[in-house]
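Reader: I have a chain to look at and would like a short walk through its fold. Please show the structure before the discussion starts.

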Amino acid sequence: VAFMVLLGASEVHSLAQSQGAFYGQSELAKAVAIQAKYENALMLAPGVRGMGIGETNGHLAVLVLIDDASRKAQLPATLDNMEVSLRVVGQIHAHQCGSSDPKSYYPLPVPLGVSGGNALLYTRGGSTYCASGTIGFKVCDNTSGASGWISNNHVVGHGTDGCPNSAPIGTAQYQPGPIDTGNCAAGQYIGTLNRLISITFSGNNTVDAAFVQSSDSYVSGTILNQGDQVNNMVAAYVGQVVRKNGRTSGCTQGTVAGINMTINASYDTCGTATFVNQIMYSPTAPSTTMSQSGDSGSPVVDANNNAVALNFAGDGVNGFGNPIGAVLTALNVSLCSTACTVPTAYSVTGGGGYCAGGSGMPVNLSGSQTGVNYYLKRNATVAVATLAGTGSALNFGNQTTAGTYTVVATNTSR
């Protein structure tokens, strides 16, 4: 039996709800089932731009987004005795900045919710363009503990074709984004593209997201105009009050208008991508918009600054976001607004062979730290045991199954 040790995974924060009870599980499950039953057919109907669960007259409804009020006569008023709520929206775009409005440089470490992106130029229709989006939440890599931040794939991962997925890993990122320097030049360096979640234009997507590896000296844990990032995430629900701070429209407030949304988002000449299980939020006075071009990547939070979503698209008024839990899971990162501390590496000992019917072979760790949990895994995926650090060596007991054993350390005190 061979053994190796891998230490330095970051804590994954638990999901918590910041508000009181709302719709019952049975009522919500009924709405989701009705949506699933009719979604494929309705999404193909002329003028339909999205579908999900919304609210009308104080109760749940099937929310259908349409391009024009004239479509109402062509669509059902109810589905399986549940009311259909029709809402007119503009074309839903993935918001890559097209504005010439300049945005400020900020001293290092820069705040979240400000202009950022890569400096790769792209050509369309004989003209050369640059783009800027928004720096989202600050995070830590669950494997290495490295500090960084997240935004959209199409903000930090667009290449010289102007499309998502195409920027090379290691592409430098800047603040402000190049469109805001006045001449498409690079701003101040704040990290490099570490990984992205590829967007498909032929199937369903759940997130438009990427991780930029950075450091505490480049990016702070404060969201511009909103205060310190709270390292906790909450599930979205209809009527929930949310805020976001973005490169173009700044700090705006609204409420969640739909959950479990399926939408078709246009990525200009790159194609149209379908996203499922999305969140829709609409502005409330005095705000008049929740997402405009350049607001892609904005951190969306609740009234207590708990993370709700990563903004990625909109129709100029309403915003659409990936649930933050889905983003963090896909990228294997955790919310982390303070300095990341990587656990100390120790040696795994034990192993060898034993006779049939024997008691197995011991697996030990040469040391441990308080405030750190140690997870013993077999062949990288099978969870075997968990021990809390004591400040001394740990004994995981005798193991009777052959395999390669690793220990992953998670800093729970960060």
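**Burial and strand pairing**

Author: Of the chain's 414 residues, 52% count as buried. The model is predicted.

Reader: How many helices and strands are in the chain?

Author: Both kinds of element occur in this chain. The helices number three, and the count of strands is 33.

Reader: What radius of gyration does the chain have, against that of a compact globule?

Author: A compact globule with 414 residues would have a radius of gyration near 22 Å. The chain agrees with this, since its own value is 24 Å.

Reader: Why is strand β26 described as largely enclosed by the rest of the structure?

Author: Strand β26 covers residues 319-323. Buried here means under 20% relative accessible area. β26 is largely enclosed because the number of its five residues that are buried is five.

Reader: Which strands pair with β26?

Author: Three bridges connect β26 to the antiparallel strand β23, residues 272-283. Five bridges, also antiparallel, link β26 with residues 306-314, which form strand β25. The partners include β23 and β25.

Reader: Which residue of β26 stands opposite methionine 280?

Author: The residue in question lies in β26. It is also the bridge partner of alanine 313. Opposite methionine 280 stands phenylalanine 320.

Reader: Which residue in the turn between β25 and β26 has a positive phi?

Author: β25 and β26 form a hairpin, with four residues between the two strands.

Terms used: Residues are numbered from 1 along each chain as its sequence is written. This is a predicted model: local features need pLDDT of at least 70, side-chain atom pairs count only at pLDDT 80 or more; totals for chains, interfaces and linings use all residues. Side-chain values use heavy atoms; hydrogens and water are left out. Buried means under 20% relative accessible area, exposed over 50%, partly exposed in between (1.4 Å probe, protein chains only). Two strands pair if DSSP finds at least two bridges between them. The radius of gyration is taken over C-alpha atoms; the globule rule is 2.2 Å times the number of residues to the power 0.38.
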